[in-house]
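Welcome! Please have the sequence and the structure open as you read.

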Amino acid sequence: MYRIEQHPILPIPPRSKVSFTWKGRALEAFEGETLSSALFASGVRVFGHHAKDGAAQGIFCANGQCAQCLVLADGVPVKSCMELVRPGVRVEPVEGLPELPPVGPGAAGLGEARPIETVRVPVLIIGGGPAGLSAAIELGRRGIETLLVDDKHRLGGKLVLQTHRFFGSINAVYAGTRGIDIATRLENEVRSFPGVRVWLQTTVLAVYSDGKVGLLVEGRKYVLVEPGILLVTSGAREKNLAFPGNTLPGVYGAGAFQTLVNRDLVKPTGRLFIVGGGNVGLIAGYHALQAGIAVVGLVEVMAECGGYKVHRDKLARLGVPVYTSHTVVSANGTDAVESVTIARVDEKFRPIEGSERSFDCDTLLIAVGLDPVNEFTEKAREFGLPAFAAGDAEEIAEASAAIFSGKIRGLEVARALGCDVGEISPDWYRTADILKSRPGATVPERTPGPESGVFPVLHCNQEIPCDPCTGVCPNDLIEIDESDIRLLPSFVAEKAGKGCTGCEKCVAICPGLAITLVDYRKDADFPTVAIPFEFLKDTLKPGDRVVVEDTEGNALGRVEVGAVKSLKANDRTVLVKVRAPREYAKRIAGIRIQPPETAAPLDRYVERTADDTIICRCERVTAGEIRKLIREGLRDISEIKAITRTSMGSCGAKTCTPLVHRLFREEGVPDAEVVDQPKRPLFIEVPLGIFAGLEGKDEGHDRE
Amino acid sequence: MTANKSFDVIVVGAGSVGAPAALALAEAGLEVLVVDQCPSVGQGSNKRAIGGLRATHSDPAKIRICLRSLEIFSTWKERHGDDVEWHKGGYSYVAYRPEEERTLKDLLTGQKAAGLNIDWHEAPSFLQIIPDLNPEGLIGGTFSPEDGNASPLLAIHAFYRRAKTLGARFFFNERVTGLVVSGGRVAGVRTDKGEYGAPVVINAAGPWGAEVAAMAGIDVPVRPDSHEAAVTEAVARFLGPMVVDIRPVAGSANYYFYQHATGQVIFCITPSPSLWGMDVRETSSFLPMVASRMVDLIPRLRNLRVRRTWRGLYPMTPDGFPIVGWARELEGYMLAVGMCGQGFMLGPGLGELIGRMIQGKTSEDDRETLTYLSPYREFKGQEKLK
């Protein structure tokens, strides 16, 4: 029902069905999927209600970090995003506090307990994403014994959720290849080194003062690791926003969204609205469209989107309105999101009264930035355990930058262990800096002059670290100043007597979908334009009339589709050929997919009057409660925690901490006056029995 | 800060003892200043306490003080409105070996004589009180139904807020660096920010008690050791009383846990040998050590998820009893230190006693209590229910 049946990029593997029950009702699931995805696939969004105020609970992190998705599986409270469906499992919502399941007589003999094992290893890498894998490759290459742990079922981190081609440098970091495929390449290389051990489904729980690191292995076994050096490549966590209705089921981040859609192939929403115009929000919107989900709009509080312009333009061309200088006012609905209200903002980013508009949507995706997952690095450094960090865990940047910083950090770790790695070239550090850089200047579109022959048009107007277009031209006609791949590419009409052959390789390779090819050779008045398209081939058929647009998504006219080409060499990038009038053929950059009525606002705006802007979603603490304390003069976050329970919940203060800091700023309190609270273990909640050395789950619920 | 501001009493430490003492003094109409190095109230050891409140001790002094504390905690909400999450669940001490059975039974007479509501229960009756207890080998245990628990965080805030309403001043982020002495008696304190005058100074500095006493030239035998604790997720009520297991095993002495008003289980263990010193950083040995003992005692706990762990200090004395009294070495200087990890439960009762001492209004019972807690006792005894 809410499944993705076909996808332009992702394969849909055959899976066998199992049945389970939800509130006594029989439902179908796929074997090996999580309970949360199985429930979403059946249209279930509300998983229970909070003990404190009865607020509806549902998916939030989809990553085992919080407990918003708690359900009862055969009577045992479990995080549904981490628990796989078992045939026949009886799933019930958690209404209020769950019962601790009783255990049968004889179930608990500590005779079956296992002493907690300690593993010594020269290097422990936390996180098998782009940075961790790249570091492991460098260490593996030098024969340094390394243990790489990752909490997921497969390696690759967030790469495995990325269907788009990557930016960055072709020489340094696989630019032009899709994220999912980079993950496979890196994984295969890591697996080729016998010195690198990989533990999947392994979550780091704590770094201790005695230099040991506590790991939960496969959700059932506690192991202590004593590393010589710790390398933290644990990535990032999403920031959140405080606004009325911000914890309604249906409000969640890009990580959860991409997990549901691109990993679990579930269609969690019919109508999505996005908050945040950074790369994460823009790409999530693109992924939604690829999955057949309507994207109603995107708001960005700044005057320009912070993400790459090519991502923004791509989304706009497909028919998604991008509302800059706008913010979310409220998410509306009783037990789940039913609509969103947005408003224009003034120069202080406050909503302007009278500018409110509401849109029908069932999901609000919050993509307002990332913070490094740096608690392990900080604890290790506090405790004197040698520690390095790379990728987003060190500094938030693109995945391409993470690949490269991981590689450098891998070498630095090797050197710290006494391995002769030679001198690490200063060029590497420079490349790392370039890959990390934020988007630079935007220039006006440079439309080429001639209107004859065949040539590419580069709709690439913003300086970003990206160069795949320079590597595919058979006659080497696309160039970027080699000293800095952030500079804009340019097309040279002729080199060594050779010009553009019309091979279309540049059109297919551009990660920004920002290159078209205009061919005047057959008909100079109605040239053919080749447009890159990453949707299912049969979305468009020859003869269809489509709206074509300029780079930024302004409609140019309606034209007829000539051909739709899907070549294996183009790796799932389809090329759509249209014939267009000479007047605007060169300006065509894309084809609108989503009809304008999808994005139409509601007749009147929906006002949410409930004072339910939540800062601590685990303990249901409102912004009002915390503001009051700040106004009374409190500056120690530990004191606010003590009084309100903010940050005492199951997510371990991961979600609310930045929001509390933000409230202080909104109240005009300088950061320097605010005393942060100490970070405490555990990273995620773990049953006592596992620390006792009792493996696995209680037999009481494994059997009927 | 303004120098030379004068008060009736200065309390060093806004913790489990200092905050309720300030409240008692403010209630008596005295001008009180509390100075603490932390950024807010209870940020030293109070917030690390797990919240157990019992009058079940082995000596009349602590029993008496804690009975009064229990009255204060249990009636706070009705008297002052704010919820301190008091839960009257009682305390239970389990016995699985004749040794513990004997220790617990031996204490009963004295405990009852001191006014404690406590009884021994044989296994079947004890299992009625804690149905999930591992019945294998269980002999029985004691149960004192009037004991309970509360939130140290909320309680200290309640004391703090009321003390401030009554005029007490609190200076945070300020470290006492020395005493002002004049004419052979205390005249105030010096801090890293200023100097404040008062004829009475109370050392309620918890684990820093010996350091602060040394400023008065007093050597007090307070030495902190550390215990780790943790809190779990919240579940529906399944456990009534605090459960204490005093059996020593390799690596640990006693451990104890209870289900808080929020539904969370909070637990703590005493490492053996003791971990002396001020180190409060998390160790890898705590969770495996405590979890195996808890799951063995209450198998149902195996599915309960641990949320957060921390480590706190127990300012210990040689005999396990607090040190409370006027210093003989320096007039006007009072010691209220060495709570041995029981500052939270002793605090409110002790605060009132301190108030009476300062006003010269001690009763005969008080004076008897104070002989047990005297800084100048011989420290020969040994608390059996640490």
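## A hairpin in chain A

Let us begin with one pair of residues: A:Ala331 stands opposite A:Val340 in strand S20 of chain A. Keep in mind throughout that this is a predicted model. Strand S20 of chain A covers residues 339–344, and six bridges join it to strand S19 of chain A, residues 326–332, with the two running antiparallel. Six residues lie between the strands of this hairpin, and A:Gly333 takes a positive phi near 145° there.

Strand S20 of chain A also pairs with strand S21 of chain A (residues 357–360), again in the antiparallel sense, over four bridges. Here A:Ser339 stands opposite A:Asp360 in strand S21 of chain A. In general, strands of a sheet pair through backbone hydrogen bonds, either parallel or antiparallel.

## An enclosed helix in chain A

Next, look at helix H7 of chain A, residues 309–317. Eight of its nine residues are buried, so this helix is largely enclosed by the rest of the structure. The buried residues are A:Lys309, A:Val310, A:His311, A:Asp313, A:Lys314, A:Leu315, A:Ala316 and A:Arg317.

What covers the buried residues of helix H7 of chain A? The cover includes helix H6 (279–290), strand S17 (294–300), strand S30 (545–549) and strand S33 (590–591) of chain A. Just after helix H7 of chain A comes A:Gly319, with a positive phi of about 110°.

## A buried glutamine

A:Gln65 sits in the loop between strand S4 (56–57) and strand S5 (70–73) of chain A. Its relative accessible area is 12%, under the 20% cut-off, so A:Gln65 counts as buried. The side chains of A:Gln65 and A:Lys654 are joined by a polar contact of 3.3 Å.

Which residues is A:Gln65 in contact with, leaving aside its neighbours within four places in sequence? They are A:Lys79, A:Asp151, A:Ser650, A:Cys651, A:Lys654, A:Phe683 and A:Ile684.

## An open sheet in chain B

Now turn to chain B, where four strands form an open sheet in the order S1-S12-S11-S10, with mixed pairing. Strand S1 (5–6) and strand S10 (176–182) of chain B are the edge strands, each pairing on one side only. Strand S10 of chain B pairs with strand S11 of chain B (residues 185–191) in the antiparallel sense over six bridges. Within this pair, B:Val181 stands opposite B:Val186 in strand S11 of chain B.

## Where the two chains meet

How many residues of each chain take part in the contact between chain B and chain A? There are 45 residues of chain B in contact with 54 residues of chain A. Together the chains bury about 4400 Å² between them, 58% of it on carbon and sulfur atoms. B:Glu282, B:Arg302 and B:Arg305 supply 19% of the area that chain B buries against chain A, more than any other three residues.

Across this interface there are four salt bridges and 18 residue pairs in polar contact. By class, the side of chain B that touches chain A has 20 nonpolar, 12 polar and 13 charged residues. A:Glu619 forms a salt bridge with B:Arg307, with the closest N and O atoms 3.4 Å apart. The chains also share strand pairing: strand S36 of chain A (residues 686–687) pairs with strand S19 of chain B in the antiparallel sense over two bridges. In strand S19 of chain B, B:Arg305 is the bridge partner of A:Pro687.

Most residues other than glycine have a negative phi, and most peptide bonds are trans. Some places in this model depart from that pattern. The peptide bond from A:Pro681 to A:Leu682 is cis, with omega near 5°, and A:Leu682 is in the loop between helix H15 (656–666) and strand S36 of chain A. In chain B, a cis peptide bond with omega of about 0° joins B:Ser272 and B:Pro273.

A:Asp571 is not a glycine, yet has a positive phi of about 45°; with a relative accessible area of 23%, A:Asp571 is partly exposed. B:Glu85 also has a positive phi, near 60°, but B:Glu85 is buried, with a relative accessible area of 14%. B:Glu85 lies in the loop between helix H2 (60–80) and strand S5 (91–95) of chain B.

Definitions and conventions: Residues numbered from 1 in each chain as written. Chains lettered and ligands numbered in written order. Predicted model: local features only at pLDDT ≥ 70, side-chain atom pairs only at ≥ 80, totals over all residues. Heavy atoms only, no water. Contact = heavy atoms within 4.5 Å. Buried area = accessible area lost by both parts, 1.4 Å probe. Salt bridge = Lys/Arg side-chain N within 4 Å of Asp/Glu carboxyl O. Polar contact = N/O pair within 3.5 Å; in protein donor to acceptor, adjacent residues only side chain to side chain. Nonpolar A, V, L, I, M, F, W, Y, C, P; charged D, E, K, R; others polar. Pairing = 2+ DSSP bridges. Buried < 20%, exposed > 50% of the residue type's maximum accessible area, 1.4 Å probe, protein only.
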